[in-house]
Amino acid sequence: MRAKTMTVAGIMSGTSADGIDVAVVRIAPGKLRPSVTLLAHEGFAFPAALRRAVLAAMNATATSTAELARLNWRLGLAYAEAVEATRQRHAVHLDLIGCHGQTLYHQPRAESYAGRRFNCTWQTGEAAVIAAHVGVPVVSNFRPADMLAGGQGAPLVPLLDYVLFADAKRGRVLQNIGGIANLTAIPAAAAPDAVIAFDTGPATW
């Protein structure tokens with residue numbers, strides 16, 4: 001199937017739990033790698049009650065199934081509202097939405113549980129809610145997919161770093177600062193599988 005140009009809204013809410021960022025980009029096929037053009041960006045602070053709920057759920061030692069289900073749905077509504085507001089402000093047509101979700105628990109190394117050893121991760125924010133409210137397909141579950149492919153589920157930004165910053169003659173190191181900071185090292189003339197990336201620890205602005 002021939003690749004086509006798409007306009008995609010990416011949603012991010014990080015471990016700092018301060019709010020939601022929406023970036024709208026145009027992704028077009030290229031000879032060596034796709035080109036990415038930023039069309040719009042908006043930031044939305046979490047309502048105070050929602051932020052309290054998110055922080056309370058992170059690595060919680062005690063909560064309820066009802067609380068987690070409600071948070072999953074409420075975050076989906078918040079993500080949908082953020083995308084819809086961005087779409088209206090900038091009058092863009094969307095082909096796709098990518099949503100990372102809100103990380104509540106991340107275990108990159110295998111541990112024992114119920115008779116098996118495995119690593120795992122959990123992001124919440126119901127993708128079906130976003131798709132239904134915005135009327136655009138949603139791609140999600142990036143961290144679990146990375147872990148099941150042999151990664152540690154983080155960082156998730158290296159592929160984009162490679163697309164935007166790889167250079168035939170110059171090596172580059174990019175530092176992403178968020179709730180948990182991470183680094184991407186791109187050697188000169190590197191192929192995608194030569195990129196090195198890892199978390200560098202908690203970060204502050």
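Contact here means heavy atoms within 4.5 Å. The model is predicted, so local features need pLDDT of at least 70 and side-chain atom pairs count only at pLDDT 80 or more, while totals for chains, interfaces and linings use all residues. Residues are numbered from 1 along each chain as its sequence is written, and side-chain values use heavy atoms, with hydrogens and water left out.

Thr 124 lies in strand β6 (residues 116-124); strands are DSSP runs of E with at least two residues, helices runs of H or I with at least four, numbered from the N terminus. Thr 124 is buried at a relative accessible area of 2%, where buried means under 20% (1.4 Å probe, protein chains only). Beyond its neighbours within four places in sequence, Thr 124 touches Leu 71, Asn 72, Leu 75, Tyr 79, Gly 101, Gln 102 and Leu 104.

Leu 71 and Leu 75 also take part in a helix pair: in α2 they belong to the set Glu 67, Leu 68, Leu 71, Arg 74, Leu 75 and Ala 78, which meets Leu 50, Ala 53, Val 54 and Ala 57 of α1. By class, this contact has 8 nonpolar, no polar and 2 charged residues; Ala, Val, Leu, Ile, Met, Phe, Trp, Tyr, Cys and Pro count as nonpolar, Asp, Glu, Lys and Arg as charged, and the others, Gly among them, as polar.

Helix α5 (residues 158-165) has Pro 158, Asp 161, Tyr 162 and Val 163 as its buried residues. Their cover includes β3 (35-45), β8 (172-176), β9 (180-186) and β10 (196-202).

Key: Buried means under 20% relative accessible area, exposed over 50%, partly exposed in between (1.4 Å probe, protein chains only).
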